[in-house]
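Subject: Structure handover

Hello,

Here is the structure I promised to pass on. Please have it open while you read my notes.

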Amino acid sequence: MKSAYVVGSIDVAELALWAFFLFFLALVFWLRREDRREGYPLEDEMNGFIETVGGPLSTALPKTFHLPFGRGSVSYPLPRTEGREPVDIAAKRYENFAGAPYVPTGNPLVDGVGPASYANRAKWPDQDAHGRARIVPLSTEDHISVWKGGPDPRGMKVTAADGQVAGTVTDLWIDRAEHQVRYLAVETTSGKHVLAPMAMATVSAAGVTIDAINAADYDAVPQLESATEITRYEEERVIGYFGGGYLYANAGRQEPIL
């Protein structure tokens, strides 16, 4: 009978086990280096400088991403020599101790405080696989329509969080890649045209209800530069504005539940 040992008392099963251990150890080291570059680069708590651990667990080398459709390229992490980027937050500490919560000093929906915060995303539209603007008004599309078996929000009144009518739905902004409604185009009672996130709306035969913000808040919804497309930068601000209303729309929402 042939021997099962490869060298001395080492057999194939033992070699496979050690190969797995070495692979898993290398994977852990690789993941730790990657997540410090793209996940959460370690920053000094006081000055914001990137901390370098040194050795095999230090931050991985910068990576360059080539963006599609001629958008150029971006590298990360970006060189940081002057500490954390300055951010002017329109809020102040509620108490004078480390870790104290911040309270808004102005209009939190506009200032982007708390749940109304946003990221400075690229100032171009999200794109589909063909490079077209992904989110566009339904009125500009001829091959997508509203399902006839359900209510069509167009022409319906929009009821706000305070029970008042904020405006009327004039159009739907749809996702051409997913064939979903992303935003409702609303003409406010004062005549302004704004977008409201569909995910925060409830549509029924009686009308549209969006309980995020009050009727008076609709006139200050961030505006779009184009009437036929919305940039990622603008999406962040529109969604942040409505999302912040779930905390700041009225004083009662800022009180403890119990």
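Below is what I found, starting with the overall picture and moving on to single residues.

First, the ground rules. This is a predicted model, where local features need pLDDT of at least 70 and side-chain atom pairs count only at pLDDT 80 or more, while totals for chains, interfaces and linings use all residues. Residues are numbered from 1 along each chain as its sequence is written, and side-chain values use heavy atoms, with hydrogens and water left out.

**Overall**

The protein has three helices and 13 strands. Both are DSSP runs, numbered from the N terminus: helices are H or I with at least four residues, strands are E with at least two. Of the 258 residues, 29% count as buried. Buried means under 20% relative accessible area, exposed means over 50%, and partly exposed is in between (1.4 Å probe, protein chains only). Take the contacts between residues at least 6 apart in sequence: 54% of them join residues at least 24 apart. A contact here means heavy atoms within 4.5 Å.

Start with strand 9, residues 165-175. Nine of its eleven residues are buried. Two strands pair if DSSP finds at least two bridges between them.

- Strand 7 (residues 135-137) runs antiparallel to strand 9, joined by three bridges. Proline 137 stands opposite tryptophan 173 of strand 9.
- Strand 8 (residues 157-159) is also antiparallel to strand 9, again with three bridges. Here lysine 157 faces threonine 168 as its opposite residue. Five residues lie between the strands of this hairpin, and glycine 163 takes a positive phi near 85°.
- Strand 10 (residues 180-188) pairs with strand 9 over eight bridges, in the antiparallel sense. Aspartate 175 is opposite glutamine 180 of strand 10. This hairpin has four residues between the strands, with histidine 179 at a positive phi near 55°.

**Helix 3**

Helix 3 covers residues 232-248. Does its length agree or disagree with what its residue count predicts? The expected span is 1.5 Å times one less than the number of residues. For the 17 residues of helix 3 that gives 24 Å, and the end C-alpha atoms are 24 Å apart, so the two agree.

Its buried residues include Glu234, Arg237, Tyr241 and Phe242. The buried residues of helix 3 pack against strand 6 (102-104), helix 2 (108-111), strand 7, strand 10, strand 11 (193-197) and strand 13.

Tyrosine 233 has charges over its ring. The charged end of arginine 237 sits 3.7 Å from the ring centre. Lysine 123 lies over the face of tyrosine 233 at 4.5 Å from the centre. The test is that NZ of Lys or CZ of Arg is within 6 Å of the ring centre and within 35 degrees of the ring normal.

Threonine 231 lies in the loop between strand 13 (207-210) and helix 3. Threonine 231 counts as buried because its relative accessibility is 12%. Leaving aside neighbours within four places in sequence, threonine 231 is in contact with Ala122, Lys123, Trp124 and Pro125.

**Aromatic pairs**

How many aromatic pairs are there in the whole structure? The search finds five. One of them is tryptophan 18 with phenylalanine 21, edge-to-face, 6.1 Å centre to centre and 90° between the planes. Rings of Phe, Tyr and Trp (its six-membered ring) pair if their centres lie within 6.5 Å; planes under 30 degrees apart are stacked, over 60 edge-to-face, and the rest tilted.

Tryptophan 18 and phenylalanine 21 are three residues apart in helix 1 (residues 12-38), so about one helical turn separates them. Tryptophan 18 is exposed at 52% relative accessibility, while phenylalanine 21 is partly exposed at 41%. Ring pairs link Trp18, Phe20, Phe21 and Phe24 into a cluster.

**Two more residues**

Lysine 92 is in strand 5 (residues 91-93). At 52% relative accessibility, lysine 92 counts as exposed. Its C-alpha atom is 6.6 Å from that of proline 104, twelve residues apart along the chain. Not counting residues up to four places away in sequence, lysine 92 touches Pro101, Tyr102, Val103 and Thr105.

Glutamine 127 is in the loop between helix 2 and strand 7. Glutamine 127 is buried, with a relative accessible area of 15%. Beyond four places in sequence, glutamine 127 touches Phe69, Arg71, Arg132, Arg134 and Arg232.

Best wishes
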